[in-house]
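I opened this model today to see where the annotated sites sit and how the chain is built around them. Here are my notes, in the order I looked things up.

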Amino acid sequence: MTAPAPTTTRQPRAARRERVPAVLVLEDGRTFRGQAYGAIGVTFGEAVFNTGMSGYQETLTDPSYHRQVVVMTAPQIGNTGVNDEDPESTRIWVAGYVVRDPSRIPSNWRSRRSLDEELSTQGVVGISGIDTRALTRHLRERGAMRVGIFSGPELAEPAELLERVLQAPEMKGADLCAEVATTEPYVVPAVGTKRFTVAALDLGIKAMTPQRMAERGIEVHVLPANSSVEDLYAVGPDGVFFSNGPGDPATADHQVTVLREVLGRGTPFFGICFGNQILGRALGFGTYKLKYGHRGINQPVQDRTTGKVEVTAHNHGFAVEAPLDRVSDTPFGRAEVSHVCLNDDVVEGLQCLDTPAFSVQYHPEAAAGPHDAAYLFDRFVDLMAAHPARTTAGS
Ligand SMILES: NC(=O)CC[C@H](N)C(=O)O
């Protein structure tokens, strides 16, 4: 008896998906053709590249990537699937996702579903099967720029797609933190004995940040991006923290005003990424857009206060303009550049010398990334210990 001929015509999901054509169109007209990955449809954003070899879930869910189409330089993405533990927020924030070779069979003991499925469920349009090295080199040479990804059976001509890309908003001048931040305050309790209370302004905060503080005995009150000085001091803080977040720091006027008040009161302050840019502005420095930014988990940074070099996680497209070679006089006393990127001399940290305030442009919470910079959370704890809060709130 012969075995019946196979009758199944359904193919595995990944194989079926490969047949859906997709095209990526950059604002300078360069076009890449590939296959749909994740949701099928149309999306626009700023094309940026991330060089991390791991941590795609943390990247996708980092609110600082709001309105950005992320190109992964690591060729294989999705190998460990998607788990429920690693997200840095409640959803994927990237505007689009670009990968070379998506994993067909995810394998990991924590994996719950495939990345392709997760992107589809969350409506995130992606493209796969394109030469991500060529695309990254193009972005390095020409700079980060607007992009569109289009997928589906009936694709328009590239010229028509380019017209639509050119109508999309630019990242320069984009005011985005209120679009990603919490609208309601919430508390992350201290782990173990509570030592300090911190008011953390959420500009797009990653979940690991309050966690790293909580592990050090800090009760973290996470507050909406548009909170007032009174809102911050209502929690009786020993210190104030400003988080990472999307968009152009030149638009963060409200947060700069609030921070100037905090600095004037002498409350210990720590800022990460967007928070560093806001400290820069509060001190009177400018910010500017980098050509293609820093996004990855192996960026070398020197802590100039100790001379030590650390390998760090970055995600920034803007930077602070401050002199590297001297101490600056600011409205809040003397300040200096405490950290610098060894690849390109970009300012990676600021330290006030007469006010208890400091910040870094990169990610000591290291989600994902190496833990070399975890000492910065200890520095914040030490700063609060050395500058105890005055007893009356707001005094
Ligand atoms: N991760 C961040 O906080 C990024 C800050 C800012 N949006 C930038 O791109 O530079």
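I started with the UniProt record, an unreviewed entry, which lists Ser64, Gly245, Gly247, Phe274, Gln277, Asn315, Gly317 and Phe318 under "binding site". These residues span 255 residues in sequence, yet no two of their C-alpha atoms are more than 13.3 Å apart, so they gather at one spot.

Residues are numbered from 1 along each chain as its sequence is written. This is a predicted model, so I kept in mind that local features need pLDDT of at least 70, that side-chain atom pairs count only at pLDDT 80 or more, and that totals for chains, interfaces and linings use all residues.

I found Ser64 in the loop between helix 2 (56-60) and strand 4 (68-72); helices (H or I, at least four residues) and strands (E, at least two) are DSSP runs, numbered from the N terminus. Is Ser64 buried or exposed? Ser64 counts as buried, with 29 C-beta neighbours inside 10 Å. The cut-offs are 20 or more other C-beta atoms within 10 Å for buried, 12 or fewer for exposed, and partly exposed in between, with C-beta atoms placed from the backbone.

Leaving out residues up to four places away in sequence, Ser64 touches Gly204, Asn244, Gly245, Pro246, Cys273 and Asn315; contact means C-beta atoms, placed from the backbone, within 7 Å. Asn315 belongs to strand 16 (residues 309-321) and is buried too, with 28 other C-beta atoms within 10 Å. Beyond its neighbours within four places in sequence, Asn315 contacts Asp62, Ser64, Arg295 and His363.

Next I checked "active site", which the unreviewed UniProt entry places at Cys273, His363 and Glu365. They span 93 residues in sequence, but no two of their C-alpha atoms are more than 11.2 Å apart, so they gather at one spot.

Cys273 sits in the loop between strand 14 (269-272) and helix 10 (274-282), and it counts as buried with 29 C-beta neighbours inside 10 Å.

Glu365 is in the loop between strand 20 (357-360) and helix 11 (375-386). Glu365 is buried, with 28 other C-beta atoms within 10 Å, and touches Lys206, Met208, Thr209 and Arg212, not counting residues up to four places away.

**Domains.** The assignment, which is automatic or from a database, gives domain 1 (15-167) and domain 2 (177-386). I noted 21 residues of domain 1 in contact with 21 residues of domain 2. Strand 3 (42-50) and helix 4 (132-142) each supply at least two residues of the domain 1 side.

**Core.** The largest nonpolar core has 105 residues, and Val94 is among those with the most contacts inside it. Such a core is a set of buried Ala, Val, Leu, Ile, Met, Phe, Trp, Tyr and Cys residues joined through C-beta atoms within 7 Å. Domain 1 and domain 2 both give residues to this core, so it lies between them.

**Whole chain.** Last, I counted 11 helices and 20 strands in the protein. Of its 395 residues, 48% count as buried.

How values were computed: UniProt positions renumbered as here; feature names shortened; annotations may be inferred. Contact = placed C-beta atoms within 7 Å.
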